[in-house]
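Subject: Structure for you to look at

Hello,

Here is the structure I said I would pass on. Please open it alongside this message; my notes follow below it.

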Amino acid sequence: MTGALWELFFKGVWITVQLMVYSAALAAAVAFGVGMARTSRLRAVRFLSGAYVEIFRGTSALVLMFWLFFALPLLGWQLAGVWAGTLALGLSYGAYGSEVVRGALAAVAPAQREAAVALSFTPWQRMRKVLLPQAFPEMMPPFTNLLVELLKGTALASLLSIGELTFEAKLARLSTGESAQVYGIILVLYFVIAFVVTRIMRLVERRAKASVGKAPETSGGLLTRTPAIAGTAAPAAGGGKP
């Protein structure tokens, strides 16, 4: 692989990261806005937010991307490929994220809501000071999965000739004819980005849990020590009979 091809790959990584960050920002705004709206006491608000979730969760992000890029100009609006991809991914993954927000808010203990009402908090104060701080740590694991899925979903933007990682890999394959090597490198690069994103999100999760007094979960990896069951004796050190 020549230096020019590696330059293509790194350029693709940069565009991919940008597309992921922009789409994730939009998806987060949509997820929190729609997710909180789904817990509203107003039936009309719940209906509209539920309709949004059903529509964007039930349609293809790729088809939406094509519509924004190819069909929207017929109505007088021309979007650059990056922004068409950002809108399509952000709106689609925001619908999935809104269900995460709704579920986490519903999982907050009813006693917390009752305490906030007893303190005469307004609905917005209850949401901002009581419900969201306690629900946010529970949102982080599914949000991490969605962010990794969003990273992989950025490959769809290559069909709009956006110079992200998959598109640059296609150019490299056409110039070298080395499909196995090129796409093997791309797989590794996607994994590296996903690994970094996952570690960052786990750090955010630990800090979010610490802010509400929850102990972070510890993972023992593939091999974990199983605690001894009460009433059973540990085996002898030598492994023989007593």
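Over residues 12–35, what percentage of the chain is helix and what percentage is strand, and how far apart are the end C-alpha atoms? The chain there is 100% helix and 0% strand, with 33 Å between the end C-alpha atoms. Helices here are DSSP runs of H or I with at least four residues, strands are runs of E with at least two, and both are numbered from the N terminus.

Some notes on the source. This is a predicted model, in which local features need pLDDT of at least 70 and side-chain atom pairs count only at pLDDT 80 or more, while totals for chains, interfaces and linings use all residues. Residues are numbered from 1 along each chain as its sequence is written, and side-chain values use heavy atoms, with hydrogens and water left out.

Residues 12–35 come from a record: UniProt, in an unreviewed entry, places the feature "transmembrane region" at 12–35, 47–69 and 182–201. Its positions are given in the numbering used here, feature names are shortened, and such annotations may be inferred rather than shown by experiment. Over residues 47–69 the chain is 87% helix and 0% strand, and the end C-alpha atoms are 29 Å apart.

Of its 242 residues, 35% count as buried (buried is under 20% relative accessible area, exposed is over 50%, partly exposed is in between, with a 1.4 Å probe and protein chains only). Among contacts (heavy atoms within 4.5 Å) between residues at least 6 apart in sequence, 72% join residues at least 24 apart.

The largest nonpolar core has 56 residues, and those with the most contacts inside it include Phe9, Tyr52 and Ile186. Such a core is a set of buried Ala, Val, Leu, Ile, Met, Phe, Trp, Tyr and Cys residues joined through side-chain atoms within 4.5 Å. Two or more residues each come from α1 (3–37), α2, α3, α4, α6 (123–153), α7 (165–176) and α8 (179–211). The largest share, 13 residues, is from α6. Leaving aside residues up to four places away in sequence, Ile186 touches Phe9, Leu165 and Ala169.

Ala61, Leu64, Met65, Leu68 and Phe69 are buried. They lie on the same side of α3 because they cover an arc of only 125° around the axis, taken from the directions from the helix axis to the C-beta atoms. An α-helix has 3.6 residues a turn, so residues three or four places apart point the same way. Val63 and Phe70, on the other side of α3, are exposed. The buried residues of α3 pack against α2 (43–57) and α4 (81–106). At the start of α3, a side-chain oxygen of Ser60 comes to within 3.2 Å of the backbone nitrogen of Leu62.

Ser23, in helix α1, is buried, with a relative accessible area of 0%. Its contacts beyond four places in sequence are with Gly85, Thr86, Leu89, Gly90 and Leu150. Ser120 sits in the loop between α5 (110–118) and α6 and has a positive phi of about 65° although it is not a glycine. Ser120 is exposed, at 60% relative accessible area. Ser161, in the loop between α6 and α7, has a positive phi near 60° and is likewise not a glycine. Ser161 is exposed, with a relative accessible area of 52%.

Regards

Conventions
A polar contact is a pair of N or O atoms within 3.5 Å; within protein, one must be able to donate a hydrogen and the other to accept it, and residues adjacent in sequence count only if both atoms are side-chain atoms.
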